[in-house]
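The following note sets out points for a first reading of this structure. Please keep the sequence and the model open while working through them.

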Amino acid sequence: MTLTLHSSTSFINLKDPRSLKSPDDFSGTICFAHIKPSRHLRVKNSLQEAELSHGKIFSTGERNTKKRVQLHGLTSAYNGNESKVPVFVMLPLDTITLGGNLNKPRAMNASLMALKSAGVEGVMVDAWWGLVEKDGPLQYNWEGYAELVEMVQRHGLKIQVVMSFHQCGGNVGDSCSIPLPPWVLEEISKNPDLVYTDKSGCRNPEYISLGCDTIPVLRGRTPVQAYTDYMRSFHDRFRKYLGGVIVEIQVGMGPCGELRYPSYPESNGTWRFPGIGEFQCYDKYMRSSLKASAEAIGKKDWGKSGPHDSGQYNQFPEDTGFFQRDGTWNTGYGQFFLEWYSGKLLEHGDRMLSAAKGIFQGTGAKLSGKIAGIHWHYKARSHAAELTAGYYNTRCRDGYLPIARMLSKHGVLFNFTCMEMKDGEQPESANCSPEGLVRQVKMATRAAGIELAGENALERYDAGAYGQVLATSKSDAGNGLSAFTYLRMNKRLFEGDNWRHLVEFVKCMSEEGRKTRLSELDSGRTNLYVGHIREKNVKKTKEAALV
């Protein structure tokens with residue numbers, strides 16, 4: 001089966017945290033050779049319609065409060081030219097070793113040289129909580145990241161840094177395992193309710209439950225205080241680079257760094273695409289909040305538990321009483337529960353971004369927040385998979401406008417995935433519409449007056465995927481992209497047509513604006529031409545050893 005996303009959660013043994021396992025897939029050698037041009041990359045713009053595919057009807061509250069915003073005055077976070085979209089490339093997940101050092105520095109140096117020659121704006125790296133603060137509370141080790149930032153600066157590149165407060169491992173594309181800090185896992189083993197829990201009682205330790213955001217459960221600190229201290233430590237260590245080489249801080253707010261609940265945990269076969277997922281509101285802190293919210297409106301029975309008829313991870317909407325066409329989701333109880341569930345997620349995002357803004361405001365570095373591209377069952381009335389993840393988006397309610405407005409409140413860039421996906425590539429039975437979802441998000445960010453940046457959800461090297469990104473980067477319907485981050489740098493990226501497709505894509509996005517056709521051959525020997533790397537930066541037979 002072909003998977004259609006790269007993010008999910010994983011389950012680990014709380015008493016035996018797994019150590020980092022460095023993959024061998026980024027070892028070997030890279031030779032930048034002359035590559036024969038292949039066929040043109042062509043863009044078929046599928047985003048011409050301004051109408052949202054899921055319908056024109058939104059909730060009365062959203063419609064009445066919607067503001068008119070003129071976006072033609074907005075400029076990119078990275079440059080003042082609206083026609084240019086800077087491209088960044090994600091670095092390997094194990095860029096920093098378990099010991100806190102830069103992994104394979106010679107390989108990294110050669111790779112950064114190649115990316116610079118291709119015209120890439122910069123790179124993105126995860127600053128793992130489980131690596132930096134693993135030795136104990138408030139004990140930070142940034143040395144490996146400092147070496148990386150200095151290397152990036154020497155190559156004249158920029159860097160986006162993700163404050164990664166989640167576990168790495170078990171997701172599609174994850175090539176290593178980085179648990180939460182050991183001292184955090186110790187607290188979780190003492191109090192399993194610190195992590196998200198489904199209705200069967202299964203715990204997921206990828207990210208601390210937002211239900212205890214403001215409770216001092218981490219050796220005297222609240223989770224938000226621990227995240228804030230971590231970000232402040234980063235700010236103090238890299239103060240001189242902020243706004244210069246460090247152009248963006250992405251604030252991790254959930255599993256895979258995304259603002260969402262871990263509703264589709266893939267490890268151990270718990271969830272499989274295109275299952276609807278399950279609500280994650282059964283730890284004692286979330287249950288207490290639900291109970292209080294129900295009692296506040298005089299509906300005590302509504303606060304006893306989550307929906308009893310919402311099905312299981314791998315079911316389809318019509319298999320359940322809650323998500324079927326005229327199901328419980330569209331009743332008074334369903335609306336209450338979904339408003340509470342999605343509202344808790346928005347509150348968590350607001351807390352996290354408020355803390356980040358207090359630390360990084362005035363540094364020149366842009367703040368961003370990542371939202372998951374949950375495109376399966378998008379065509380169903382209930383949008384079941386989005387609901388379990390915490391996005392209250394249905395046929396008659398826009399769930400992304402409230403998120404965009406929350407981000408806008410803090411001046412934060414809206415980062416979204418699945419920019420490379422086409423509806424026609426998805427299985428018909430899954431009711432997918434990544435293109436419709438992207439259209440909706442573009443309109444929501446435009447209405448909220450904030451910038452939109454994008455990523456690809458899966459590792460793709462083909463011309464079709466790049467062409468779709470070029471199409472979605474346009475501002476024909478809603479916001480265009482202010483930046484794009486490509487997932488991910490590895491050995492395959494530098495091979496043959498994969499590399500040629502990337503450099504042509506970068507040229508179209510960053511050097512010549514958003515064209516609808518990529519050049520077949522750069523005969524002028526600009527930095528985009530692969531031969532330039534071979535002829536100017538290395539000798540014909542010289543190889544960059546990845547060790």
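This is a predicted model: local features need pLDDT of at least 70, side-chain atom pairs count only at pLDDT 80 or more; totals for chains, interfaces and linings use all residues.

1. Trp271 is buried, with a relative accessibility of 1%; buried means under 20% relative accessible area, exposed over 50%, and partly exposed in between (1.4 Å probe, protein chains only). Trp376 is buried as well, at 0% relative accessibility.

2. Residues are numbered from 1 along each chain as its sequence is written, and side-chain values use heavy atoms, with hydrogens and water left out.

3. How many aromatic pairs are there? The count is 38 aromatic pairs, where rings of Phe, Tyr and Trp (its six-membered ring) pair if their centres lie within 6.5 Å, and planes under 30 degrees apart count as stacked, over 60 as edge-to-face and the rest as tilted. The pair of Trp271 and Trp376 is tilted, because the ring centres are 5.7 Å apart and the planes stand at 45 degrees. Helices (H or I, at least four residues) and strands (E, at least two) are DSSP runs, numbered from the N terminus.

4. The loop between S7 and H7 also holds Pro274. The peptide bond from Phe273 to Pro274 is cis, with omega near 5 degrees. A cis peptide bond also joins Leu487 and Arg488, with omega about 0 degrees. Arg488 lies in the loop between strand S11 (481–486) and helix H13 (496–511). Most residues other than glycine have a negative phi, and most peptide bonds are trans.

5. Leu138 has a positive phi of about 65 degrees and lies in the loop between helix H3 (129–132) and helix H4 (143–154). Arg219 has a positive phi near 55 degrees and is placed in the loop between strand S6 (203–208) and H6. Is Arg219 buried or partly exposed? With a relative accessibility of 43%, Arg219 counts as partly exposed.

6. Helix H6 (residues 223–237) packs against H8 at an angle of about 25 degrees, with the axes 10 Å apart; axes are lines fitted to C-alpha atoms, for helices over the stretch in contact, and angles run from 0 to 180 degrees between N-to-C directions. H6 is therefore roughly parallel to H8, given that angles under 35 degrees count as roughly parallel, over 145 as roughly antiparallel, 65 to 115 as roughly perpendicular and the rest as oblique. The crossing of H6 and H8 is right-handed; a crossing is left-handed if the near helix is turned anticlockwise from the far one by less than a right angle, and right-handed if clockwise.

7. The axes of H7 and helix H8 (residues 332–360) come within 11 Å and cross at roughly 130 degrees. These two helices are therefore oblique to each other. The crossing of H7 and H8 is right-handed.

8. Helix H10 (residues 400–409) is mostly covered, with 7 of its 10 residues buried. Among them are Tyr400, Leu401, Pro402 and Ile403. After H10 comes Gly411, which has a positive phi near 70 degrees.

9. Which residue has its charged end over the ring of Trp302? The charged end of Lys299 sits there, 5.1 Å from the ring centre. The charged end of Arg237 sits over the ring of Phe238, 5.4 Å from its centre. A charge sits over a ring if NZ of Lys or CZ of Arg is within 6 Å of the ring centre and within 35 degrees of the ring normal.

10. The disulfide count is 0, a disulfide being a pair of cysteine sulfur atoms within 2.5 Å. Cys176 is buried, with a relative accessible area of 7%.
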